[in-house]
Number of protein chains: 2
Amino acid sequence: MNTKQLKDYPVWEKLKQQAEIMKQPENHLKHLILKRNRLDTCLLKGAGMLYDFSHQRIDERTMRLLFKLAESRKIRASFTSMVSGESINVTEERAALHTACRKFSGDPVFMDGKDIMPDIRNVRDQIKGFVSQIHSAALTGSTGKAFRHLVVIGIGGSYLGTEFVSCALQEQAISRMKLYFLSNVDIHNFGRIVSEIEPETTLWIVISKSFTTPETLANARLAYEFMEKKGLALKKHFVIVTRKGGPGHHPATPKLASFDMFDFIGGRYSVTSAVGGVPLSLYLGNETFERFLKGAEEMDRHAEETPVSKNLPLVAALLSVWNNNLLGYPAQAIIPYASPLRKLAPHIQQLGMESNGKQVLAAGDRLDEPAGTIIFGEPGTNAQHSFFQLAHQGRPFPIEFVGVIHPRYPQYLDSSKGVTNHQELWANLIAQATALAAGREDGSPARHFPGNRPSSTIVLADLSPENIGRLLAFYEAKTVFEAFLWGNNPFDQFGVELGKTVADDIRQEILTRNGNENYGFSKSDQIARYYLETLFSGQP
Amino acid sequence: MNTKQLKDYPVWEKLKQQAEIMKQPENHLKHLILKRNRLDTCLLKGAGMLYDFSHQRIDERTMRLLFKLAESRKIRASFTSMVSGESINVTEERAALHTACRKFSGDPVFMDGKDIMPDIRNVRDQIKGFVSQIHSAALTGSTGKAFRHLVVIGIGGSYLGTEFVSCALQEQAISRMKLYFLSNVDIHNFGRIVSEIEPETTLWIVISKSFTTPETLANARLAYEFMEKKGLALKKHFVIVTRKGGPGHHPATPKLASFDMFDFIGGRYSVTSAVGGVPLSLYLGNETFERFLKGAEEMDRHAEETPVSKNLPLVAALLSVWNNNLLGYPAQAIIPYASPLRKLAPHIQQLGMESNGKQVLAAGDRLDEPAGTIIFGEPGTNAQHSFFQLAHQGRPFPIEFVGVIHPRYPQYLDSSKGVTNHQELWANLIAQATALAAGREDGSPARHFPGNRPSSTIVLADLSPENIGRLLAFYEAKTVFEAFLWGNNPFDQFGVELGKTVADDIRQEILTRNGNENYGFSKSDQIARYYLETLFSGQP
């Protein structure tokens, strides 16, 4: 548990001095990227991934100081504590064992003296068996037809990771299956989905660890009513993923099957648990899902076992802290040059911003240095034609590019104009990193490019399930390494509580008014009252 | 044309002093929102929209100073110049007349002494006539079947606005029509779309003002080959939207019809021109598209004719400058509590960041104050379960909420638990603005909410085409008002040029290698060479 501020380490002061040095004109990125053998010091390979940070505003001395920071902060030891089942989520007094979900080694993982791996394996086996029955149509809907539509009811961590993986691996999907996400309590979300599905071939997957998430319960209720009106048996059309012994297991909750979630896996880290396992195995096949898990496992091992200076997610985390706290960038973009990865940024936006958008050390004191960063992104080249004007000439923000060597759809690797579209895509990726870094002098201020805008590039061989697992686990490890550096707890999220509390009060006001049309919202402040009156009057 | 810096106006110094005053504890938002009659000074209605800025960190004196800034900067006069056809895009020496596209008044708009409205109306009429022939199946594909699949080939401004509007109005779509966007040169984008369409009922809409956009031409070529292999006549399956007399009109370009784009309408402002008009009229019907235009026209009139203090987009622009330059927020989120608006943030991300992510005054000098801001967003309540942890307890950023009083799908306004899901959605919207502003003291630092986090709220009566038009035109007007305040030209985008130039060089290297497998990329720097070798070796 971190009780120290970053400034408590002598190396932090040196890093601040180093940042001033790196801001000098002679250390402009246009010079750095031309240094002899730049890639020898700025390119890492590991766990099937390539990570290039040659376009970051660092030199060898910067990296040595950052490595020293990682060692002083003992962040590899924290990672080992995490994967070993220690109560690293100190505010909620529990372990954070998402890595156990993709462990195939056979070794035990002890939590409070008990090996949790048998439970993990049981859930995996249960998913495998269930999915096989669905795919073979041994289990069908209440009219006997095989399932073809899968609707995940879940919000936040209960769907964003699954959405990312399902989108990335869409070409692997079982041909008859379609997958939908009902996350928002907004009835438009529900209305649009039910206008596309065929109820008798629809399996609803209700995902909530606590089974108290208001959005999820509200959507599940709508789904129950909808299916009942169609005359379909709820207990044939709903499965749940929820905490063992929790309210999801109430006898009144209809379920064809239930799958356990564990307290020691947080929502935003749960895509390799049953949260992702049930929908992804149904959609992609269990074999594909397990290949994805094995890629994640490989990256976990790399993150745990690799020394600081060769550790991909750890170096990436050090660069986050460097950019965020020492060079002062408030935001970061993720730009995959592969449109199947278009849901990567929304997933990492949650993973990073909810994990590390914190103001306190894990031990409870206010942080001296801000943790967390704003994360956003769209695929390239689309992003070039959207917000890259600002990236080149407005407020700078670091970028993480992702490139893929072998695309799917090789039949469209045409090269009628001498270069294939895939080569055109790569020409753009390479060009953007270069142009952002190097800039270009121009006598006309409107055509001047200041350059010095940092980026990293991740390269994957292809979009195999293993590589998607590696990429996911890279970001998970990067996020927790960042937290270990900043000193915050990446596994709690007290910052979302106040909004819930205030919403409870307003919901109560609405409930009172629903029962009494003369009620004047007397418990609300003037502005809430105005909105409630507007809502009930129907006239903005 | 702006030649002055913000600091050249005496009111700017007063605003800086005012910002210091507003940062004092007694001006914390938790106090401001409770001020008597706060909404009387902080709520505007106009052009069918409600705009509430009671949760911004301002008081009456702040607003008076901001109004004074708007008057000193003469930004209403600039808006009038714009809609009147003056050459307000000074760096490219042309007018910016997107507002003319939705003008139904019959009044002329002169540009260089010539009324452009007849050309605008001709295009509108041509769209109407063409769409009617497609919908009646008087015009069909080459096998005689009615068109059912519409694929827009276009990138950036040629699709983002259309995507936003088509998503917002999806329920209005002509029942047989499906709409796809092929924007990215990535063959995954192409591969996924062609796996969903039926070629003989597909109409491709190629959109590029210059008809030189590499992504669009590369995708069009793939589409030609694909359709030819299916034995379909290209000239029956492709329409183009492009500049009159431009290369799109080359006799070799296959086309069933062509629609004019005008030099005086920039890509990111073009959704009300033929760029949006052709696909949206085909998808939604021309009547719906024209209703959308009329909503936009109403907002344009409001923006032009309404005094500063009552002008919705103008006040919103003043608050952007206040938040960006005087309170120091580097980013802004757009959070619609209506999932059909889920493509609003990506569209406004382009509109705002490409328009105003600039470093120079329109007149050419370097800006003293940064223009532009980072824009991102996801629908609520999804965003609450994703990145709102950081919004409440990490780096603060202002938020623009959007709420809708009357949802679609009233059949799902169930209230089995006493409140409907739509009421639940509203309870959350109201709660978030309150919680962010008010915060909550707590002895435990991890549970302490600092509050003082600003937001505005836009309220629409419903998701009618008119309201989507109003919302679009609100953001267009806000964006240009911001530019007029900052002093930059919102209509050029020189910042995207360098990346294109570098990509041209790299494309040439690839072309050389495609023709000579021994070529060693000798014209590239060491890092580009490494990537090119990796790409050609197939091994990362």
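Visitor: Does Pro247(A) count as buried, exposed or partly exposed?
Guide: In this predicted model, local features need pLDDT of at least 70 and side-chain atom pairs count only at pLDDT 80 or more, while totals for chains, interfaces and linings use all residues. Residues are numbered from 1 along each chain as its sequence is written, with chains lettered from A and ligands numbered from 1 in the order in which they are written. A residue is buried if 20 or more other C-beta atoms, placed from the backbone, lie within 10 Å of its own, exposed if 12 or fewer, and partly exposed in between. Because Pro247(A) has 14 C-beta neighbours inside 10 Å, its class is partly exposed.

Visitor: Which residues does Pro247(A) touch, not counting residues up to four places away in sequence?
Guide: Pro247(A) sits in the loop between β8 (238-243) and β9 (257-261) of chain A, where strands (E, at least two residues) and helices (H or I, at least four) are DSSP runs numbered from the N terminus. Contact requires C-beta atoms, placed from the backbone, to lie within 7 Å. With residues up to four places away in sequence set aside, Pro247(A) touches Phe211(A) and Thr212(A).

Visitor: Why is strand β8 (residues 238-243) of chain B largely enclosed by the rest of the structure?
Guide: Two strands pair if DSSP finds at least two bridges between them, and β8(B) pairs in the parallel sense with strand β7 (residues 202-207) of chain B over four bridges, while five bridges join β8(B) to the parallel strand β9 (residues 257-261) of chain B. The strand is largely enclosed because, of its six residues, the number buried is five.

Visitor: Which helix gives the largest share of the side of chain B that touches chain A?
Guide: Between the chains, 120 residues of chain B are in contact with 120 residues of chain A. Of the chain B side, 13 residues, the largest share, come from residues 421-438, which form helix α16 of chain B.

Visitor: How are the two copies related?
Guide: Copies are superposed by least squares on the C-alpha atoms of residues with pLDDT of at least 70 in both. Chain B is superposed on chain A by a rotation of 180 degrees with 0.0 Å of shift along its axis, at an RMSD of 0.0 Å. The two copies are therefore related as by a two-fold rotation axis.

Visitor: Which residue of chain B comes closest to the rotation axis?
Guide: The distance is taken at C-alpha, and its value for the closest residue of chain B is 3.3 Å. That residue is Phe376(B).

Terms used: Two residues are in contact if their C-beta atoms, placed from the backbone, lie within 7 Å.
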